[in-house]
Amino acid sequence: DISESEWAVMEALWERSPQTASEVAKTLRPTMGWAENTVRTLLTRLVDKGALKVKENASGTRAFTPAVKREDCVQAESESFMQRIFRGAAKPLLIHFASKAKLTPDEVRELKKLLDQNTNK
């Protein structure tokens, strides 16, 4: 489980890594406004969770890289969300999002194609 704040840190590192804590803080400061100590706390949590790897150079500077792929985290978060909110049922989830989302005609065609492929398996 990765919190919303941790997700922001992961996004920065999926985009570019390795990065030091200072570099991550600098990357996130414009959008999140976090102090470097906040970023360091989040990095430590993510290392403890196994989501990040850390390497220390000869001078003691630590650099962080993702230990997990973004796609794997998206999959896990999607399954967790579906389980928590829709008790694991895909149909109510799809109906909810299809009725509430403002989809373009291209997006509707793409969804139809995916659903057709899924039913032909």
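Colleague: Let's start with H2 and H3. At what angle do they pack, and how far apart are their axes?
Modeller: H2 and H3 pack at about 115°, and their axes are 9 Å apart. Axes here are lines fitted to C-alpha atoms, for helices over the stretch in contact, and angles run from 0 to 180 degrees between N-to-C directions. Helices (H or I, at least four residues) and strands (E, at least two) are DSSP runs, numbered from the N terminus.

Colleague: Before we go on, what kind of model is this?
Modeller: This is a predicted model, in which local features need pLDDT of at least 70 and side-chain atom pairs count only at pLDDT 80 or more, while totals for chains, interfaces and linings use all residues. Residues are numbered from 1 along each chain as its sequence is written, and side-chain values use heavy atoms, with hydrogens and water left out.

Colleague: Back to the helices. Is the crossing of H2 and H3 left-handed or right-handed?
Modeller: H2 passes H3 in a right-handed crossing. A crossing is left-handed if the near helix is turned anticlockwise from the far one by less than a right angle, and right-handed if clockwise.

Colleague: Which residues meet there?
Modeller: From H2 there are Ala 21, Ser 22, Val 24, Ala 25 and Arg 29, and they meet Glu 36, Val 39, Arg 40 and Leu 43 of H3. Contact means heavy atoms within 4.5 Å. The residues of this contact of H2 with H3 divide into five nonpolar, one polar and three charged. Ala, Val, Leu, Ile, Met, Phe, Trp, Tyr, Cys and Pro count as nonpolar, Asp, Glu, Lys and Arg as charged, and the others, Gly among them, as polar.

Colleague: And H1 against H2, how do their axes cross?
Modeller: Helix H1 (residues 4–15) and helix H2 (residues 21–32) have axes that come within 10 Å and cross at roughly 125°. That angle makes H1 oblique to H2. The cut-offs are under 35 degrees for roughly parallel, over 145 for roughly antiparallel, 65 to 115 for roughly perpendicular, and oblique for the rest. The crossing of H1 past H2 is right-handed.

Colleague: What is in that contact?
Modeller: Ala 8, Val 9, Ala 12 and Leu 13 of H1 meet Val 24, Thr 27, Leu 28 and Met 32 of H2. The contact of H1 with H2 has seven nonpolar residues, one polar and no charged.

Colleague: Staying in H1, is Glu 6 buried or exposed?
Modeller: Glu 6 lies in helix H1, and Glu 6 is buried, with a relative accessible area of 1%. Buried means under 20% relative accessible area, exposed over 50%, and partly exposed in between (1.4 Å probe, protein chains only). Apart from its neighbours within four places in sequence, Glu 6 is in contact with Asp 1, Leu 42, Arg 45, Leu 46 and Lys 49.

Colleague: What follows H1? Which residues does the cis peptide bond join?
Modeller: The cis peptide bond joins Ser 17 and Pro 18, with omega about 0°. Pro 18 is in the loop between H1 and E1. Thr 20 is in strand E1 (residues 19–20), and Thr 20 is buried at 19% relative accessible area. Leaving aside neighbours within four places in sequence, Thr 20 is in contact with Thr 61, Arg 62, Ala 63 and Phe 64.

Colleague: New topic, H4 and H5. How do they pack?
Modeller: Their angle is about 95° and the axes of H4 and H5 are 10 Å apart. That makes H4 roughly perpendicular to H5. Phe 81, Met 82 and Phe 86 of H4 make the contact with Ala 90, Pro 92, Leu 93, His 96 and Phe 97 of H5.

Colleague: How many aromatic pairs are there?
Modeller: The count is three. Rings of Phe, Tyr and Trp (its six-membered ring) pair if their centres lie within 6.5 Å; planes under 30 degrees apart count as stacked, over 60 as edge-to-face and the rest as tilted. Phe 81 and Phe 86 have ring centres 6.0 Å apart and planes at 65°, so this pair is edge-to-face. Phe 81 and Phe 97 form a tilted pair, 6.2 Å centre to centre with 45° between the planes.

Colleague: Where do Phe 81 and Phe 97 sit in the chain?
Modeller: Phe 81 is in helix H4 (residues 70–86) and Phe 97 in helix H5 (residues 90–100), 16 residues apart. Ring pairs link Phe 81, Phe 86 and Phe 97 into a cluster. Phe 86 is buried at 15% relative accessibility, Phe 81 is partly exposed at 31%, and Phe 97 is partly exposed at 40%.
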